[in-house]
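Subject: Structure for you to look at

Hello,

Here is the structure I promised. Please open it first, then read my notes below.

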Amino acid sequence: MDGVGFLIRLAITAIALWVTTLVVPGVEVTGRSGANTAFTLVVVALIFGVVNAVLKPVIQVVGCVFYLLTLGLFALVVNALLFLLTDWIAGKLDLPFRVDGFWAAFWGAIVVAVVSWVISVVVPDAPDRR
C-alpha cells in the first residue's frame with residue numbers, strides 16, 4: 001500500500017471510530033476541543049491498525065481451531081479484545097479515548113468494522129495509476 005492509500009485507510013478508520021463513539025455507549029473520546037478529538041481519533045486509528053496488523057494474524061493462526069469450532073464467531077471475541085487492547089495502549093499514551101468493558105468493545109469493534117467497510121465501498125483506497 002502506498003502513502004496515499006495508507007492515509008485514506010487511516011482517515012476511514014478514524015471516521016469509523018468517531019461514528020462508534022456516537023452510537024455505542026461506553027466508547028468515548030473526551031477531547032478538550034474539536035482538534036484535540038480529531039487528533040485523538042487519528043492516533044487511536046493508527047494504534048488500532050497496528051494492533052490488528054501485528055496481532056490478528058498471529059491469533060488467527062494460533063486459534064484456528066476455535067474459529068472452526070465456533071464457525072467464525074470467535075472472531076467477534078478476538079476483535080473485541082483487540083479493541084480493548086487499543087483502549088489500554090491509548091490510556092498508556094494519555095489519550096482521551098475510553099472503552100468501558102468487554103461489551104462496549106464488542107459492539108464498538110463491530111461498528112468500526114461495518115462503518116469502515118461501508119466507507120471503503122464508497123471511497124477507493126488510492127487513485128487509479130494508469
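Which element gives the largest share of the nonpolar patch? Helix H2 does, with 4 residues. Helices here are DSSP runs (H or I, at least four residues), numbered from the N terminus.

First, the ground rules. This is a predicted model: local features need pLDDT of at least 70, side-chain atom pairs count only at pLDDT 80 or more, and totals for chains, interfaces and linings use all residues. Residues are numbered from 1 along each chain as its sequence is written, and side-chain values use heavy atoms, without hydrogens and water.

**The patch**

Phe6, Leu7, Leu46, Val50, Val54 and Leu55 make up the nonpolar surface patch. Together they have about 520 Å² of accessible area (Shrake-Rupley method, 1.4 Å probe, only the protein chains shown as cover). Patch residues have over 30% relative accessible area and no salt bridge, and nonpolar side chains are joined within 5 Å. A salt bridge is a Lys or Arg side-chain nitrogen within 4 Å of an Asp or Glu carboxyl oxygen. Helices H1 (3–23) and H2 (34–62) each give two or more residues.

Val54 lies in H2. Val54 counts as exposed because its relative accessibility is 52% (exposed means over 50%).

**The pocket**

The largest pocket has a volume of about 360 Å³. Its lining has 18 residues (each with an atom within 4 Å of a pocket grid point). Arg9, Thr13, Phe48, Gly49 and Asn52 lie nearest the centre. H2 gives the most to this lining, 8 residues. H1, H2 and H5 (102–122) each supply at least two.

Best wishes

Methods:
Patches are made of residues with over 30% relative accessible area and no salt bridge: like charges are joined within 9 Å, nonpolar side chains (Val, Leu, Ile, Met, Phe, Trp, Tyr) within 5 Å. Buried means under 20% relative accessible area, exposed over 50%, partly exposed in between (1.4 Å probe, protein chains only). On a 1 Å grid over the protein atoms alone, a cavity is a set of points where a 1.4 Å probe fits but cannot get out, and a pocket is an open set with protein on both sides within 12 Å along at least five of seven lines; lining residues have an atom within 4 Å of a point. Grid points are joined across faces, edges and corners, and a volume is the space filled by probe spheres set on the points.
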